[in-house]
Amino acid sequence: MSTQKAEFKTLKQAGNLGELSAPLDFLLLILSSPSGAGKTTLTRKLLETFPDLHFSVSHTTRKPRANEIDGRDYHFVDRAEFERLAGAHGFVEWAEVHGNLYGTCLAEIERAKAEGKSGMIFDIDYQGARQIRAKLPEVAGVFILPPSMAELERRLRGRASETEEVVQRRFRAAMREIEHYALFDYVLVNDDLESAFATLRGIILAERARRIRKAHIAELLLRS
Ligand SMILES: Nc1nc2c(ncn2[C@@H]2O[C@H](COP(=O)(O)OP(=O)(O)O)[C@@H](O)[C@H]2O)c(=O)[nH]1
Ligand SMILES: Nc1ncnc2c1ncn2[C@@H]1O[C@H](COP(=O)(O)OP(=O)(O)O)[C@@H](O)[C@H]1O
C-alpha cells in the first residue's frame, strides 16, 4: 500500500475528530461574537437553511431569559451540577463568561453523530474556541462583529432581556473579546442581516467543499 493510501486509511478510520471519530466530511463550526452582535439570530437562520447541522446545546449556570427553553437554548444547571460535570470530564471545553459558567458536553458531539447530522455549530466564546481548536484542529471558526460599538450597545439594549448592569458589563467585555479575533478563520461584520447571512452561508458551503475533497480522495484511494 502506498504511503498516501495508508495515511488516508488511518485518517478515514479515525475521522476528523480523532478519538471522537466521525466521518471525514463532518463539519465543526464555531460561531462566536461579543454579546449582542447577532450570533443567536444568525444561528437560528442557519439551522433553518441547513437542518442537517446540529446545534450544540451548552450547559450554563446563567438564569434563563424569558424566551429561552431548557434543553433547546441551553441546559440550565446550578453551579454544583456544572462542577460535577466538569470534574467528571464531561466537557470538551468550558469557561467563565460574564460571571457565569458555560460548557460544551462531549455528549453533544455524540448526539450529533447518532442523529446522522453532517456537522455541528458551537455558539461559544473565544476561550472555548481556543480549547476546541486545540483538541479538534479541523474546526472552522467565525467571529461575528457589529458594524460599530454604538450599534452593539443599541442591540444589547434593544434586546431588553437583561438589566442595565448586565448590558454594561457585556458591553465593557466586548472590547477585550474583540482582541481575540485572530483565533478565528473568518471575521464577519453583521451590518445588514441578509448580507451577513449570505456570507455565512458561503462560508459553510466552502468549508463543506474542503472536507468533501478529503473524503472523496480517501474513498477513491481506498477503492483502488
Ligand atoms: N466557552 C463557552 N462559551 C459559551 C458556551 N455557550 C455559550 N457561550 C458563550 O457565552 C457568552 C454568553 O452567552 P449568553 O449568555 O447566551 O449571551 P449572548 O452573548 O447574548 O449569546 C457568549 O459569548 C456565548 O457564545 C459554551 O458552551 N462554552
Ligand atoms: N443585522 C442586524 N441588524 C439589526 N439588528 C440585529 C441584527 N442582527 C441581530 N440583531 C438584533 O440584535 C440583538 C442581539 O442579537 P442576538 O442574536 O441576540 O446576539 P448575540 O446572540 O450575539 O448576543 C437582537 O435583538 C437581534 O434581533
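By class, how many residues of the shell around ligand 2 are nonpolar, polar and charged? The shell holds three nonpolar, eight polar and three charged residues, where Ala, Val, Leu, Ile, Met, Phe, Trp, Tyr, Cys and Pro count as nonpolar, Asp, Glu, Lys and Arg as charged, and the others, Gly among them, as polar. The structure is a predicted model, in which local features need pLDDT of at least 70 and side-chain atom pairs count only at pLDDT 80 or more, while totals for chains, interfaces and linings use all residues. Residues are numbered from 1 along each chain as its sequence is written, and chains are lettered from A and ligands numbered from 1 in the order in which they are written.

The shell around ligand 2 comprises 14 residues, and the closest of them are Gly38, Thr40, Thr41, Arg155 and Leu193; a residue is taken as near a molecule if its C-beta atom, placed from the backbone, lies within 6 Å of it. At least two residues of this shell come from each of α2, α6 (149–158) and α8, and the largest share, three residues, is that of α2. Helices (H or I, at least four residues) and strands (E, at least two) are DSSP runs, numbered from the N terminus.

Helix α2, residues 39–49, has Lys39, Leu42 and Leu46 as its buried residues. A residue is buried if 20 or more other C-beta atoms lie within 10 Å of its own, exposed if 12 or fewer, and partly exposed in between, with the C-beta atoms placed from the backbone. An α-helix has 3.6 residues a turn, so residues three or four places apart point the same way. On the face of α2 turned away from the buried side are the exposed residues Arg44 and Glu48. The buried residues pack against β1 (27–32), β2 (53–55), β7 (119–123), β8 (140–145) and α8 (193–223), two residues being in contact if their C-beta atoms, placed from the backbone, lie within 7 Å.

The loop between β1 and α2 holds Gly36 and also Gly38. Gly36 counts as buried because it has 22 C-beta neighbours inside 10 Å, and Gly38 is buried with 23 other C-beta atoms within 10 Å. Not counting residues up to four places away in sequence, Gly36 touches Leu152, Arg155, Leu156, Arg159 and Arg170, whereas Gly38, with its neighbours within four places left aside, is in contact with Ser33, Ile144 and Asn190. The unreviewed UniProt entry lists Ser33, Pro34, Ser35, Gly36, Ala37, Gly38, Lys39 and Thr40 under "binding site"; UniProt positions are given in the numbering used here, feature names are shortened, and annotations may be inferred rather than shown by experiment.

From the loop we turn to the core. The largest nonpolar core has 38 residues, of which Leu28, Leu29, Ile30, Leu31, Ile132, Val142 and Ile144 touch the most other members; such a core is a set of buried Ala, Val, Leu, Ile, Met, Phe, Trp, Tyr and Cys residues joined through C-beta atoms within 7 Å. Leu31 touches Lys39, Leu42, Thr43, Ile121, Asp123, Val142 and Ile144, apart from residues up to four places away in sequence.

Ligand 1 is surrounded by 18 residues, and the closest are Ser35, Ser58, Tyr102, Ile124 and Gly128. The elements that give two or more residues to this shell are β5 (91–97), β6 (100–105) and α5 (126–135), with the largest share, four residues, coming from β5. By class, the shell around ligand 1 has five nonpolar, nine polar and four charged residues.

His89 is exposed, with 8 other C-beta atoms within 10 Å, whereas His98 is partly exposed, with 14.
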